[in-house]
Amino acid sequence: MTGQVNFGSHVLNLLDVCVRLVNGLTGGASGGVPVEEPRGVGRRAAVVEALSGGGRITPTVSAPAAEQLAATARRLRVVFEAVDGGQADAAAAEVNALLSDTGARPQLDRRDGQGWHLHFHGADDSLALGWSAGCAAALALALGSDLAGRLGVCAATVCDRVYVDRSRNASKRFCSTACQSRTKAAAFRARR
């Protein structure tokens, strides 16, 4: 593949939401520091942050919606980890289950006098189900293309944050420049 990743902007936005949901709502490690899955008010705040990224309007998130999106985030992590581990069949099975469970359906929507755009909706218009369906559909589009390998888990020691690789040469291996620098510094010290 040559050139930049060429998903539609809506799909790219949804993939970014997937990353923010997984990284903000699942436990593990980030940059060498243990991360607890947020609970209570912290969970709601993490969902608001994940959904309002990219200049979106800040949504009002109920506790049940936050719980449902945290469950979705755990399932999204399974997809990223399966892709990163070379297990495309397991990733596809989880995405298919998410699509089925959310009742994801495409729909053409027009906003602010612009042209028609493909959006994804859930079986109902609730916040949690709508975002879960949209994330499932975006991952399905990514996995169903030659860009499936662009989903990854940070390669740094003691970090399991996920990312979508938008680099020209599909070479991203780290969730952040901090993890990349930490890994390179450790390798340099080991060589000395």
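Arg75 and Glu94 meet through their side chains in a salt bridge, with N to O at 2.7 Å. This is a predicted model. The pair links distant parts of the chain: Arg75 sits in helix H3 and Glu94 in helix H4, 19 residues apart. Arg75 has 24% relative accessibility, so it counts as partly exposed. Glu94, at 17%, counts as buried, because the cut-off for buried is under 20% relative accessible area.

The structure holds twelve salt bridges. Side chains of opposite charge can pair when their charged atoms come close. Take Arg150 and Asp165: their closest N and O atoms are 3.9 Å apart. Arg150 lies in the loop between H5 and S5, and Asp165 in the loop between S6 and helix H6 (177–191), so the bridge ties together parts 15 residues apart in sequence.

Other bridges share partners. Glu37, Arg39, Arg43, Glu67 and Arg74 are joined in this way into one network. Within it, Glu67 bridges to Arg74, with the closest N and O atoms 3.8 Å apart. Glu67 has 37% relative accessibility and counts as partly exposed. Arg74, at 32%, also counts as partly exposed.

Now turn to the helix packing. H4 (residues 88–102) and H5 (residues 127–143) pack at an angle of about 145°. Their axes are 9 Å apart. The crossing is left-handed. On the H4 side, the contact is made by Ala91, Ala92, Val95, Leu98, Leu99, Asp101 and Thr102. H5 contributes residues including Leu129, Ala133, Ala136, Leu139 and Leu143. By class, this contact has twelve nonpolar, two polar and one charged residues.

Leu139 leads on to the nonpolar core. In soluble globular proteins, nonpolar side chains tend to be buried together. Here the largest nonpolar core has 39 residues. Which of them touch the most other members? They are Leu15, Leu21, Leu76, Phe80 and Leu139. Helices H1 (9–25), H2 (40–52), H3 (63–84), H4 and H5 each supply at least two residues of this core, as do strands S5 (151–153) and S6 (162–164).

Phe80 shows how these elements meet. Leaving aside neighbours within four places in sequence, Phe80 is in contact with Cys18, Val19, Val22, Leu139, Leu151, Gly152, Val153, Val162, Tyr163 and Val164.

How values were computed:
Residues numbered from 1 in each chain as written. Predicted model: local features only at pLDDT ≥ 70, side-chain atom pairs only at ≥ 80, totals over all residues. Heavy atoms only, no water. Axes fitted to C-alpha atoms, helices over the stretch in contact; angles between N-to-C directions. Helix = DSSP H or I, 4+ residues; strand = E, 2+ residues; numbered from the N terminus. Left-handed = near helix turned anticlockwise from the far one by under 90°. Contact = heavy atoms within 4.5 Å. Nonpolar A, V, L, I, M, F, W, Y, C, P; charged D, E, K, R; others polar. Core = buried A, V, L, I, M, F, W, Y, C linked by side-chain atoms within 4.5 Å. Buried < 20%, exposed > 50% of the residue type's maximum accessible area, 1.4 Å probe, protein only. Salt bridge = Lys/Arg side-chain N within 4 Å of Asp/Glu carboxyl O.
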